[in-house]
Amino acid sequence: MVFPFGYYGMCLKFDNIRFLKGKRNRCFGIIVNGYTIRERNIKGFTKNGGWEIKGMDATSSFFSTSVVREKDGVFQHWRFMNTPISSFWIIPKQLNVHPQDSEKLLYIHGVEKCEKNLKLALEKTKGVDKLGKEEQRKEIKTAAHDMRTVAESLFKLIMCFHQEKYQYKVSNYDDLMLHNLTGPLKKTIYKQDFEQNRIDEIPRLANDLSHDSGNPVDFRNLGTLYTDITFFVSDFKSRIMRKGHEVTVIHSDKPSPHDFVKANYRRFCFIDEINENVHKTNGKISFKIKTQIGTFVNLFGKNGEEVLCCDGYIRNTKEAGIDILKVWDRNEVIALLDKMYQKVIAICDANGYDTEAYSLGISFEARLKKEGTPSHLFTEKEIEELMRNADDNNFNKLVIDEDGYAHIIQNPKQGFLYPVSQETWDAGNMYVGKNSNLSDLHDSYVLCMHLWLAYLETGQYMYDDYYVSDNGLDKIIEKVKKYYSNGRV
């Protein structure tokens, strides 16, 4: 009665299988990536061996096609997985992962893969401004093509995630191209004007940059394409995490502040916020406040950077005679960034713009720079003590400060305010604490030492989330010590 068929099976034409491991080398899950299986291939497989197809359903599920076949009175039900994204994963039972959480984890895996590939595409353009025009065009074309591929993968993920809203029949999943995806997105998911403008902008820029359109290549267009896709990556991440906790948000009829901020940000004066929060005048690191307006990303710095100056105004570094503000204390930076952001909100609110339903169209970021020589070199023993005394109920991040001391902080978002930081240890996973076996200790120490050398060499903030081999660690430490002028370490 419950199982009317003789056999039940699932068929997947798989591309690869990835075994995911936790940091203590335990298997966390098995991700399966498949290829599209076209209808004619499904029929061919099903009929093989003299079977007769009795029923076929390709519309009830976005991910799969169901087939019932019969031979000699025996009925079988087959489910053919029909999507090239990370279709499903197998999670060990003892992890007690709730089905809804496992769905979120699978989508997070997919969107993070898109985010990684997007960054790799952008990295291909490093140094391209030093090439000739023809070589520049080739590199930009390659990067834009890769970004277009990322956009297609991302929008397919979003389509799958919102399949109940889409009600969109997909006969051949791999035939879906970027132009097939943007229409349903605008109709069902992204209905705000600024969202739809970005969706329209992605295929237009991708086509202009990746094809021989005859239009001149503009670095700024590649930056805009990157930022547009990044916007939907971030938005999709937040939608994944909110699933199951949805609330109804009522938007006002006030306009978006984007255009207002873009037209007026140079008139905003933050001198009161500077005087209130910035007091220290020297140190071993300094911060400048970089400003990003709208979707523009300046890939090569040819047009300068928008930065906060000592007079409280935002100016471009290409302007003559400007005095860029230096902040010498990370706590002062945190307070200043918050006050600046609040001031922009107050200005927009006073002018009748909706700052709750829309983003401001402006962001502020502190950029760290090495200013002096550290006095201490962290040790593995010191990191061990920090990890042992850390609270596993919190999220914890290992950082190295400008004097060479290790710390564990509980606000991972502030990791960029330290010269070196590594991946966050999630709460409850026993990476740290009195009951932990501190399996990450040595790997964390080795990674931090590599990053510390890179910081000393470049004077810039360093982060990584992949552990490295300790082969040659002695030589790394030897190079590090050469940067210490007093020779005590």
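**Reading the terms in a predicted model**

Modeller: Tyrosine 8 lies in strand E1, residues 7-11. The model is predicted.

Biologist: Why does tyrosine 8 count as partly exposed?

Modeller: Its relative accessibility is 44%. Buried means under 20% and exposed means over 50%, with partly exposed in between. Tyrosine 8 therefore counts as partly exposed at 44%.

Biologist: How far apart are tyrosine 8 and tryptophan 78, in sequence and in space?

Modeller: In sequence they are 70 residues apart; in space, C-alpha to C-alpha, they are 5.9 Å apart.

Biologist: What share of the contacts in the chain comes from residues 24 or more positions apart?

Modeller: Such residues account for 66% of the contacts with a separation of 6 or more.

Biologist: Why are H5 and H6 called roughly antiparallel?

Modeller: The axes of helix H5 (residues 178-188) and helix H6 (residues 193-210) cross at roughly 175° and come within 10 Å. Angles over 145 degrees count as roughly antiparallel, so H5 and H6 are roughly antiparallel to each other.

Biologist: Which residues make the contact?

Modeller: H5 contributes Leu178, Thr182, Leu185 and Lys186, and H6 contributes Gln196, Ile199, Asp200, Ile202 and Pro203. By class, the contact of H5 with H6 has five nonpolar, two polar and two charged residues.

Biologist: What do the totals for the chain say about helices, strands and burial?

Modeller: There are 13 helices and 15 strands. Of the 489 residues, 43% are buried.

Methods. Residues are numbered from 1 along each chain as its sequence is written. This is a predicted model: local features need pLDDT of at least 70, side-chain atom pairs count only at pLDDT 80 or more; totals for chains, interfaces and linings use all residues. Side-chain values use heavy atoms; hydrogens and water are left out. Helices (H or I, at least four residues) and strands (E, at least two) are DSSP runs, numbered from the N terminus. Buried means under 20% relative accessible area, exposed over 50%, partly exposed in between (1.4 Å probe, protein chains only). Contact means heavy atoms within 4.5 Å. Axes are lines fitted to C-alpha atoms, for helices over the stretch in contact, and angles run from 0 to 180 degrees between N-to-C directions. Angles under 35 degrees count as roughly parallel, over 145 as roughly antiparallel, 65 to 115 as roughly perpendicular and the rest as oblique. Ala, Val, Leu, Ile, Met, Phe, Trp, Tyr, Cys and Pro count as nonpolar, Asp, Glu, Lys and Arg as charged, and the others, Gly among them, as polar.
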